[in-house]
Amino acid sequence: MSTDLYQGMSDFYNAFIQRNRDYRAIAIELLQLFGDKQDILDVGIGTGLLVEQLLLLQPELQITGIDTSTSLLAQAKASLGTQVDLYCQDVCNLQLDKMFDIAYSRGGAWAFVDDGDTILLASHILELDAIQQSFARVAAHLRDGGRLMIISSNANHSKQDEFDGEVSFGRTVNKHWVDGEQYLVLDYMCHRQGVLTGRQKVRMRLLELEYVESMLRAAGFRLIPYDSTECRIYQKESAK
Ligand SMILES: C[S@@+](CC[C@H](N)C(=O)[O-])C[C@H]1O[C@@H](n2cnc3c(N)ncnc32)[C@H](O)[C@@H]1O
């Protein structure tokens, strides 16, 4: 998979997302988790909104961002310039000539979502083999003891149209089953003066937490206790 899943909303991505997420607060929490670690991989960096906040708070971080969306990456390049190494790569085939202390996904390739009485993984990668491979490719790019942080998202909830002058944004979310597999379909829309000017549908696979954690264990990760629902942290086991 290497298509641009977000092209249809690239013109209004920042305007929509920034009103729904406090990137500065996420950056502050992440920096506490990074500690003194410097080499960071953002899996699905998008337009770079979170990285921008991280670098404002801690300019010496060495951040690499990957994404499959050329339209969002172009915006990341425009706002972050040479402060960050950017690559158009699918995490399933991640191949970089460097190693990292931390990899994280903030609504990128994967996110955890609260489904009422349970936590699910929402994954832009749809096939199980490919998800397993994505975890393995991240593990291959982490130093021993390196950590993978998967941040929680509210992407499983619809957002009613929110007005900003003449422009309105909305997201409708539907959950459905196909052949025993559970999916989310997110339908993002932007209207200007009542006329639809941008639309993107994104499909995500939903997986039970227990199942995902067995996949992560198979890729060499173990869960690290962390007393917050904002993020789940997995540590790469040292090679024996
Ligand atoms: C909802 S956006 C989040 C972007 C950014 N992390 C943020 O917080 O604004 C999801 C991003 O993940 C990227 N993505 C999805 N699947 C991916 C994959 N397999 N490899 C790399 N990036 C991926 C999408 O292209 C998109 O830019």
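Mentor: Let's go to Asp179, which sits in the loop between strand E9 (167–178) and strand E10 (181–192). Keep in mind that this is a predicted model. Check the backbone of Asp179 and you'll find phi near 50 degrees, a positive value even though the residue isn't glycine. Is Asp179 buried or exposed? It has 4 C-beta neighbours inside 10 Å, and the cut-off for exposed is 12 or fewer, so Asp179 counts as exposed.

Now follow E10 to the loop that joins it to strand E11 (195–208), and you'll find Gln193 there. Gln193 also has a phi near 50 degrees, again positive in a residue other than glycine. With 9 other C-beta atoms within 10 Å, Gln193 is exposed.

For a contrast, look at Leu148 in strand E7 (residues 142–153). Leu148 counts as buried because it has 25 C-beta neighbours inside 10 Å. Setting aside residues up to four places away in sequence, Leu148 touches Ala103, Val138, Leu142, Phe221 and Tyr234.

Next, the helices. H2 (residues 23–34) and H3 (residues 49–57) pack with their axes 9 Å apart, at an angle of about 60 degrees. That angle is why H2 and H3 count as oblique to each other. The crossing of H2 past H3 is right-handed. On the H2 side the contact is made by Tyr23, Arg24, Ile26, Ala27, Ile28, Leu30 and Leu31, and on the H3 side by Leu49, Leu50, Gln53, Leu54 and Leu57. By type, those contact residues come out as 10 nonpolar, one polar and one charged.

Stay on H3 a moment: Leu49, Leu50, Val51 and Leu54 are buried there. What do the buried residues of H3 pack against? Their partners are helix H1 (13–18), H2, strand E1 (39–43), E2 and helix H4 (70–80).

In total 23 residues surround the ligand, with Gly44, Gly46, Ser69, Val91 and His124 the closest. The shell splits into 13 nonpolar, seven polar and three charged residues.

Notes. Residues numbered from 1 in each chain as written. Predicted model: local features only at pLDDT ≥ 70, side-chain atom pairs only at ≥ 80, totals over all residues. Axes fitted to C-alpha atoms, helices over the stretch in contact; angles between N-to-C directions. Helix = DSSP H or I, 4+ residues; strand = E, 2+ residues; numbered from the N terminus. Parallel < 35°, antiparallel > 145°, perpendicular 65-115°, else oblique. Left-handed = near helix turned anticlockwise from the far one by under 90°. Contact = placed C-beta atoms within 7 Å. Nonpolar A, V, L, I, M, F, W, Y, C, P; charged D, E, K, R; others polar. Near = placed C-beta within 6 Å. Buried ≥ 20, exposed ≤ 12 C-beta atoms within 10 Å, placed from the backbone.
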